[in-house]
Structure formats: structure tokens, C-alpha cells
Amino acid sequence: MLITSLKLQNFRNYKEEKINFNNDINIIYGDNAQGKTNILEAVFVTSIGKSFRTSKDKELIKIGEDFSRIEVEFSKSDRNGTIKVEIADKKNIFVNGVKIKKLSELLGNMNIVIFTPDDINIFKNGPDKRRRFLDIFISQLRPNYIYNLNMYLKALEQRNNYLKQIKFENKSEEFLDIWDEKITEYAEKVFKYRFEFINKLKEKIKTVHSIITENNENIDIEYVSDFFNKEEFLKKLKATKKIDIMKGYTTKGIHRDDFNVYINDNLVNVFGSQGQRRTAVLSLKMSELNVIYDEIGENPILLLDDFMSELDEKRRTNFLNNIRDTQILVTCTDKFILEKNKFNLYNVKSGMIF
Ligand SMILES: Nc1ncnc2c1ncn2[C@@H]1O[C@H](COP(=O)(O)OP(=O)(O)OP(=O)(O)O)[C@@H](O)[C@H]1O
Ligand SMILES: [Mg+2]
């Protein structure tokens, strides 16, 4: 699929700009702090409905202005479309001119895979970034996913509130069952989606990784969840009831889900070198791209933020030559020329494009 144009008004450091993209490689270059990542961020917002850099929509509005607007035109094999995101006191999103009521009406229109320098953290520290990766990936393909996840989180919050009421206000433990049932219902739905898509990644990642590492490394993914099936999960909730009441929050559930990635049987977030983590991220994202292709029958748009600076010239050319039929938007500080591909160059200088 393709993004054909992007129009920005009062978005970050942009006053008013329109960019037309080609269907191959679009190189957005310029010095630091000029507005390169802001362009990828704007595209991301039209795909997912929010930024990958902030959860506060207001930060996206150009300082001193009271609204921000992003408009994209996209093209898929079976249809063309437009998306408009307006941020002021509230955020309004329009798909093909019609204001949406639920986020799920936006998701799945613009399919993207994004690489940012921050992605190395997927394989560092705790599971938050890994869950976030899954959430963004799955919600593009199954718009219902986010609905079920949000319902789960809402029920979880209510269960946690009730746990505190049992502890501090002597409320009856009996009514906890209602919340157990509720969270189990949504946990099962989220679990099934995650299980399905982690398995799909698992199928792809072995091949992708052996190409990238020239057969030198073995990779594997494993889903880790407190959930297995409804009955067992309900039992788990009952078994940890006393601990949950004592702590005042729910200690078991899909809000703690994770996935483990092993390279040659070692956990990459524990034992991986910097380079192995980086390649694992690359393999993960390329697998994501392949799964999206299988699902929608065409490649998503690839957004590469500062990605090229991490590769030397040979790997850079190799990488770009190996990705076929995919529109790429790539940011970098130094402009580079490609021999084999069709490419456009955009020079970004303090919120303007030349
Ligand atoms: N809401 C805003 N209003 C005005 N300017 C903003 C706003 N948010 C960010 N900026 C400005 O945008 C610029 C950063 O843009 P961006 O992150 O796209 O830079 P970049 O070109 O990707 O730089 P780097 O090469 O360092 O990654 C900064 O100058 C910052 O002050
Ligand atoms: Mg940047």
C-alpha cells in the first residue's frame, strides 16, 4: 500500500506543508531538530490514531497555535482513501470524510511498520515495550483487538478498586467473582489474538533471521501469559485472591503478558549483545511486515527513523535492495544516493521542506 500525500497544518514545528511521496523510496534528510521525525510521527498518527512519542495529543500542536491538522491520501490495491486527524480541545478523526466514532474504524486503513532508534528497548528491560509492539501490530490487522484490550483494562481497574474496598472498607469478597468473570471474558479474547499473531511471527522470523545473519544464528519466539484457558485462569484468580486483596491489585492476567525471544537458546533481552538486540529487532519487524503482507495481500508502508545511521553503506544498500514492492519513508542526517531504486529526496530545514 502507498501513502501518496501528506498535508500538515500546525503540526509540531510545521506551519503548513504538503508532501507528495513516490511509491518507492522517500529519503527525508536534514540536520538534527529540523522536523524529520515529525513527518514520520504525523504518518503514524493517521495510522494508529496517536503518536509513538507522546500520549499527550496537545504536544503535537505547534506551540502558540490552538489546533493541528494532518491529512493523508493513501492508495491500496482495492481502494483509495483519505484520513484527516484534527487536534484541538478534542481529537477528531475522519476516514474518507466521515468522522469516526470508534478508534477501530480508523485502524487497518493505513498499514505501517515503523523502526525507530528507541526500538532497541524492545529487547531491553521489562515487557512494556514488547506488549506495545504487539498492540500496535495486532490492532492494525484486527481492529476489534483494541476494543477487547480496553474493555479488559477497564474491568481490571474496577477489580483493583474492589480489591482495595475489600481491604480497607471490609466489602464482601463474594462480589469479586463478578469482576473475575468479566476480566476472564476479555482476557480470553486478547489472549487468542496474541497467541495467533505470535505464532504467525514465529513462522516468519526463523527464515528472516537466518537471511540477515547468513545462517549464523537461530531465533525463536515464545508467548508468555498467565492465561491458558478460561477455567484455569478463573482458578488462578481464585488461588491468588488473598494476595491480590493484600496488595490491592490483580497480580495475574494478560496485562502482564510478554514474549521471549531466544537467539541460539539464550534470552536476547538478558544475554544478547547490542548487535544481537538490534538484529533481533530488525528480524522482528521484518517478520511483522511479512505477516501483514499475508493478511492484507500487499506490503505495509515502512517508516525508518534514523535507521540508516545504524548501518554501514553496504548493509544499507543490501537492506534496501532486499525489500521489494514496499514504499519506504526514511529519515537520515546525511543524504544518500541509491543506484538501483527510484528515490525522492526531501531536505528538511526548520519545519520546511525543500
Ligand atoms: N509542538 C511543537 N511546536 C513547535 N515545535 C515543536 C513542537 N514539538 C517539537 N517541536 C520542534 O520540532 C523539532 C524536532 O523535530 P524532529 O524530532 O522531527 O527532529 P529531527 O529532524 O528528527 O531531528 P534528529 O535528527 O535530532 O532526530 C525541534 O526543533 C522541536 O523544538
Ligand atoms: Mg529524528
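Helix 4 passes helix 8 in a right-handed crossing; a crossing is left-handed if the near helix is turned anticlockwise from the far one by less than a right angle, and right-handed if clockwise. Helices (H or I, at least four residues) and strands (E, at least two) are DSSP runs, numbered from the N terminus. This is a predicted model, in which local features need pLDDT of at least 70 and side-chain atom pairs count only at pLDDT 80 or more, while totals for chains, interfaces and linings use all residues. Residues are numbered from 1 along each chain as its sequence is written, and chains are lettered from A and ligands numbered from 1 in the order in which they are written.

## Helix packing

The axes of helix 4 (residues 176–212) and helix 8 (residues 274–296) come within 8 Å, and they cross at roughly 125 degrees. That angle makes helix 4 oblique to helix 8. Angles under 35 degrees count as roughly parallel, over 145 as roughly antiparallel, 65 to 115 as roughly perpendicular and the rest as oblique. Axes are lines fitted to C-alpha atoms, for helices over the stretch in contact, and angles run from 0 to 180 degrees between N-to-C directions.

On the helix 4 side, the contact is made by F197, K200, L201, K204, I205, V208, H209 and I212. Their counterparts in helix 8 are T279, L282, S283, L284, M286, S287, E288, N290 and V291. Two residues are in contact if their C-beta atoms, placed from the backbone, lie within 7 Å. The residues of this contact of helix 4 with helix 8 divide into nine nonpolar, five polar and three charged. Here Ala, Val, Leu, Ile, Met, Phe, Trp, Tyr, Cys and Pro count as nonpolar, Asp, Glu, Lys and Arg as charged, and the others, Gly among them, as polar.

Helix 4 also packs with helix 2 (residues 128–141), at an angle of about 90 degrees and with the axes 11 Å apart. Helix 2 is therefore roughly perpendicular to helix 4. In this contact L134, F137 and I138 of helix 2 meet Y193, R194 and F197 of helix 4. The residues divide into five nonpolar, no polar and one charged.

Three strands form an open sheet in the order 9-10-11, with antiparallel pairing. Strand 9 (219–224) and strand 11 (266–267) are its edge strands, and each pairs on one side only. Helix 4 packs on this sheet, where it touches strand 9 and strand 10, and its direction makes about 170 degrees with that of strand 9. Within the sheet, Y262 stands opposite L267 in strand 11.

Another open sheet has six strands in the order 2-1-4-5-6-7, and the pairing is antiparallel. Its edge strands are strand 2 (14–20) and strand 7 (98–99), each pairing on one side only. Two strands pair if DSSP finds at least two bridges between them. The table sets out the pairs in this sheet, with one facing couple of residues for each.

| Strand pair | Bridges | Facing residues |
|---|---|---|
| Strand 1 and strand 2 | six bridges | L8 and E17 |
| Strand 1 and strand 4 | seven bridges | K7 and E71 |
| Strand 4 and strand 5 | eight bridges | F74 and G81 |
| Strand 5 and strand 6 | five bridges | V85 and I93 |
| Strand 6 and strand 7 | two bridges | F94 and K99 |

In a regular strand the side chains alternate between the two faces of the sheet.

Several neighbouring strands are joined as hairpins. The hairpin of strand 1 and strand 2 has two residues between the strands, and R12 takes a positive phi near 50 degrees. Strand 5 and strand 6 form a hairpin with three residues between them. In the hairpin of strand 6 and strand 7, two residues lie between the strands, and N96 in the turn has a positive phi of about 50 degrees.

Helix 1 (residues 36–48) lies across strand 1 (2–11), strand 2, strand 4 and strand 5, and runs at about 105 degrees to strand 1.
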